[in-house]
Amino acid sequence: MRAYSTREVAELLGESPARVRSFARASFISPLKTSGGHYRFSFQDLVMLRAAKGLVEAKLDPRRLWRALRALRRQLPSDR
């Protein structure tokens, strides 16, 4: 499984690395953390981040945003 760095994810999503890290800290996703404290994102994390970005841009209220992301997480396979 390929792991993406914070910088790679930020470039793919058109976001700042700080914004990507803030999504990770907010528990939208559960990326791996290296011994040096750097995040490593899976493909599922990328899907979740892209969805979160779209929902935030659509100005969805936080409760509905969390509900939508929980539903998406349940639909994504956890073993890939």
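**Salt bridges and exposure in a predicted model**

In this predicted model, K53 and E57 form a salt bridge, with their closest N and O atoms 3.9 Å apart.

Q: Why is the contact of K53 with E57 called a salt bridge?
A: The closest N and O atoms of K53 and E57 are 3.9 Å apart. A salt bridge needs a Lys or Arg side-chain nitrogen within 4 Å of a carboxyl oxygen of Asp or Glu, so the pair qualifies. Both residues lie in helix 3 (residues 43-57), 4 residues apart, about one turn of the helix.

Q: Why does K53 count as buried?
A: The relative accessibility of K53 is 17%. Buried means under 20%, so K53 falls in that class.

Q: What makes E57 count as exposed?
A: Its relative accessibility is 52%.

Q: Why is R19 called partly exposed?
A: R19 has a relative accessible area of 32%. Partly exposed lies between the buried limit of 20% and the exposed limit of 50%, so R19 belongs there. The side chain of R19 meets that of E15 in a salt bridge, at 4.0 Å from N to O. E15 is also partly exposed, at 22%.

Definitions and conventions:
Residues are numbered from 1 along each chain as its sequence is written. This is a predicted model: local features need pLDDT of at least 70, side-chain atom pairs count only at pLDDT 80 or more; totals for chains, interfaces and linings use all residues. Side-chain values use heavy atoms; hydrogens and water are left out. Buried means under 20% relative accessible area, exposed over 50%, partly exposed in between (1.4 Å probe, protein chains only). Helices (H or I, at least four residues) and strands (E, at least two) are DSSP runs, numbered from the N terminus.
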